[in-house]
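Dear colleague,

Please find the structure below, together with a short account of the findings.

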Amino acid sequence: MKQQGAQNQHYVSKFMLRNFLTDTDKEQVSVIDKLSGKTFSPNIHGVMSERRFNEFVIDDDHVASFEPAVCRIEEQVLPTYRDVVENRRLRGTMEERINLAFFMAFQLTRTKGQRETFKQLDAMVRTKFEKMGHDVTDELPENTDEELKVRHADFMRRSLKDFTAILSQKTFLLAAAAPNRSFYLGDNPIVLNKTKAKSDENDLFWGLGLGVLGVEVYLPLSKDLLLCAWCPSIRADLEAHYQKLRNEFDQMVVAEMLKGGIDIGGVAALRQKWEAQENHPKRILDAMDQGIPIHSEPTNMDLYNSLQMFSATRFVICPDGDYQLARQFIDENPHHQGRQLQSN
């Protein structure tokens with residue numbers, strides 16, 4: 001059947017791509033191909049998109065499309081996204097929380113990386129059956145591209161509600177880029193991390209899921225603003241750590257007052273200076289409560305951008321042509337093909 005009106009359909013929203021532009025007039029972005037190491041500067045209409053990505057053929061003669069549904073979802077979440085990016089602040093309302101959770105769940109499920117997961121799982125099953133002596137050609141035929149699209153659409157339909165519910169229970173906060181640094185945006189941009197104590201020293205990426213204790217979920221909103229959705233246990237740990245530090249500080253202040261090294265009038269100034277230290281838990285807790293961005297150190301930026309490189313199926317936007325960390329990742333991981341992290 002001949003299909004008419006072919007178009008590129010995005011699996012990362014164009015309104016996000018516009019916040020990573022290198023050339024605003026031409027709407028171009030700086031992109032690196034993690035498989036070849038080549039760089040180029042495409043218009044956003046031709047990147048993180050694919051011809052008829054959200055269309056599939058039914059019964060050999062009918063084209064079905066879930067692109068209209070994708071567009072409706074984008075229209076629904078755009079006002080919240082735009083408000084956060086333009087004002088660089090979270091309002092903390094229930095409506096905002098639900099919309100951000102829905103936006104993250106939608107972006108998590110819609111990508112080519114997620115679709116490729118089905119092919120990877122099928123290949124693993126086929127390999128397993130072959131080792132058992134089965135003829136997989138007849139028993140487990142490979143899915144066609146059209147069948148994969150149908151599975152993908154059904155997965156999105158079934159998963160969006162549950163993923164949104166899980167994400168809506170996270171602690172949301174913003175992170176600002178470090179000076180002279182930018183956040184990368186990969187073609188599989190929802191990334192997961194876990195920095196709490198792990199049962200296995202190699203368990204940095206494997207075993208991650210939206211509902212895992214201590215998980216951190218990240219989505220770059222623009223080249224200088226990152227949306228974070230942290231497990232509530234992380235806030236609880238921060239509060240406990242702050243209380244411990246405060247108790248130690250209070251004991252130190254009392255000791256200094258008894259020695260005559262400080263008077264009552266100097267305690268408030270000393271406490272303010274103490275709490276103003278970089279990465280002090282009080283500053284992070286205040287940022288959570290006030291909805292303002294936390295400051296990112298260069299080491300934070302390296303982690304965030306490495307996660308984008310790790311998760312990407314192939315293409316990563318490096319704003320302003322900042323390819324240094326991307327090339328380092330490629331050199332250190334020459335055979336890395338990208339991987340979709342577990343979603344639940």
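Which residues line the largest cavity? They are F183, Y184, V191, Y218, P220, L226, Y304, N305 and Q308. This is a predicted model, in which local features need pLDDT of at least 70, side-chain atom pairs count only at pLDDT 80 or more, and totals for chains, interfaces and linings use all residues. Residues are numbered from 1 along each chain as its sequence is written, and side-chain values use heavy atoms, without hydrogens and water.

A cavity is a set of points on a 1 Å grid over the protein atoms alone where a 1.4 Å probe fits but cannot get out; lining residues have an atom within 4 Å of a point. The largest cavity has a volume of about 30 Å³, the volume being the space filled by probe spheres set on the points. Its lining divides into seven nonpolar, two polar and no charged residues. Helix α10 (298-311) gives the most to this lining, with three residues.

Four strands (DSSP E runs of at least two residues) form an open antiparallel sheet in the order β3-β2-β13-β8. Because β3 and β8 stand at the edges with a single partner strand each, one side of each is left without a neighbour in the sheet.

Yours sincerely

Key: Two strands pair if DSSP finds at least two bridges between them. On a 1 Å grid over the protein atoms alone, a cavity is a set of points where a 1.4 Å probe fits but cannot get out, and a pocket is an open set with protein on both sides within 12 Å along at least five of seven lines; lining residues have an atom within 4 Å of a point. Ala, Val, Leu, Ile, Met, Phe, Trp, Tyr, Cys and Pro count as nonpolar, Asp, Glu, Lys and Arg as charged, and the others, Gly among them, as polar.
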